[in-house]
Structures are given as structure tokens and as C-alpha cells.
Amino acid sequence: MKQDDLHEVVKSRGMEDQTYSKALQHIRYQCRDRGIDAALHPIDHSSGSPEFDALLLCDHKKAGQQLAAQAGYPIVTIPIGTDTDGLPVSLSFQHTAWQERTLIKWASAVEDLILEVQ
């Protein structure tokens, strides 16, 4: 971000304009309807695809966290180790709005399994 951009943000006082609203609508559509929602509720009537209880991602580069944040959806992450460079690796559990209870249930169960194995 350039200093001029920062000055423009300060001038706007954080007010949302039409451009912001359109961008927010677009990113929410991409991350919700075409992202998390589509993955949780696949539409394939011929195969009888199931709906899923949660999405589970090995979130090495934190892309899953960005997707959930941009969708405005909850996410729970648990650490599972480090990569070869010593950077943390986590499991991310994602779902739609107001599904925190489901995510905590699944994350807690997986964390218990991890601790049991160690």
C-alpha cells in the first residue's frame, strides 16, 4: 500500500461506497456460493453426493483461513506440526455461518485423536 492510498482511506473515514459494496458482494459470492457452500453441499443428483458436516483442510499456506474470512464464515484451526522449514502446519475446519458448535465438536474430536496417537 502506498502512502497516497493511506491518505485516501483516511479521507473516506472508512465509509463504504458503491465500489466497496460491489467488491464485497463479489468476494462473498465467490467464497460462499462458489466456495465453501458449494463444497459442503455438492450438487450431483446422479451420484447422490452427500452433504458434509464440515470442510477439513491441511492449511499449510493459510489459504483456507483467508477463504473463510472473506466469506465471513467461522473457522477453527488446530496445530498438527511443522513443515520441513519449521513453519507451522494446521488443520482447518470450516462451515457456514452460525456453525461454530459443529466446528468445535469436530476440532475437539480430531485433537483428542492426535493427542492419543502421540
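Visitor: At what angle do the axes of helix α2 and helix α3 cross?

Guide: Two packed helices are described by the angle between their axes and by the distance between those axes. In this structure, the axes of α2 (residues 18-40) and α3 (residues 63-71) cross at roughly 115° and come within 8 Å. Keep in mind that this is a predicted model.

Visitor: What is the handedness of the crossing where α2 passes α3?

Guide: The crossing of α2 with α3 is left-handed.

Visitor: Which residues of α2 and α3 meet?

Guide: From α2 come Ile27, Arg28, Cys31, Arg32 and Ile36, and on the α3 side they meet Leu67, Ala68, Gln70 and Ala71. Sorted by class, this contact of α2 with α3 has six nonpolar residues, one polar residue and two charged residues.

Visitor: How far apart are Gln25 and Ala71 in sequence and in space?

Guide: They are 46 residues apart in sequence, while their C-alpha atoms are 9.9 Å apart in space. Gln25 belongs to helix α2. Its relative accessible area is 60%, so Gln25 is exposed.

Visitor: Now the sheet. In what order do the three strands stand?

Guide: The order is β1-β3-β2, the sheet is open, and the pairing is antiparallel. β1 and β2 stand at the edges with a single partner strand each, so one side of each has no neighbour in the sheet. On average, neighbouring strands of this sheet are turned by 20° against each other, direction ignored.

Visitor: Which helix packs on the sheet, and which strands are touched?

Guide: Helix α3 packs there and touches β2 and β3. The direction of α3 makes about 35° with that of β3.

Visitor: How many bridges join β1 to β3?

Guide: Strand β1 (residues 55-58) is joined to β3 by four bridges, and the two run antiparallel.

Visitor: What should I look at in the hairpin of β2 and β3?

Guide: Look at the five residues between the strands, and at Gly86, which takes a positive phi near 85°.

Visitor: Which residue has a positive phi although it is not a glycine?

Guide: That is Trp98, with a phi of about 70°. Trp98 sits in the loop between β3 and α4 (100-117). With a relative accessible area of 76%, Trp98 is exposed.

Visitor: Is strand β3 mostly covered or mostly open?

Guide: In a regular strand the side chains alternate between the two faces of the sheet. Strand β3 (residues 88-94) is mostly covered, since six of its seven residues are buried.

Visitor: Is Ser92 buried or exposed?

Guide: Ser92, found in strand β3, has a relative accessible area of 0% and is therefore buried. Leaving out residues up to four places away in sequence, Ser92 touches Leu55, Leu56, Leu57, Asp59, Gln65, Ile75, Val76 and Thr77.

Visitor: How far apart in space are Ala63 and Ser92?

Guide: Their C-alpha atoms are 10.0 Å apart, although the two residues are 29 residues apart in sequence. Ala63 lies in helix α3. Its relative accessibility is 48%, so Ala63 counts as partly exposed.

Visitor: How many disulfides does the structure hold?

Guide: A disulfide is a covalent bond between the sulfur atoms of two cysteines. This structure holds zero disulfides. Cys31 is in no disulfide, and the nearest cysteine sulfur, that of Cys58, is 20 Å away.

Visitor: Is Cys31 buried or exposed, and is Cys58 buried or exposed?

Guide: Cys31 has 5% relative accessibility, so it counts as buried. Cys58 has a relative accessible area of 54%, so Cys58 is exposed. To place Cys31 in the picture, recall that Cys31 is among the α2 residues that meet α3.

Terms used:
Residues numbered from 1 in each chain as written. Predicted model: local features only at pLDDT ≥ 70, side-chain atom pairs only at ≥ 80, totals over all residues. Heavy atoms only, no water. Axes fitted to C-alpha atoms, helices over the stretch in contact; angles between N-to-C directions. Left-handed = near helix turned anticlockwise from the far one by under 90°. Contact = heavy atoms within 4.5 Å. Nonpolar A, V, L, I, M, F, W, Y, C, P; charged D, E, K, R; others polar. Buried < 20%, exposed > 50% of the residue type's maximum accessible area, 1.4 Å probe, protein only. Pairing = 2+ DSSP bridges. Disulfide = S-S within 2.5 Å.
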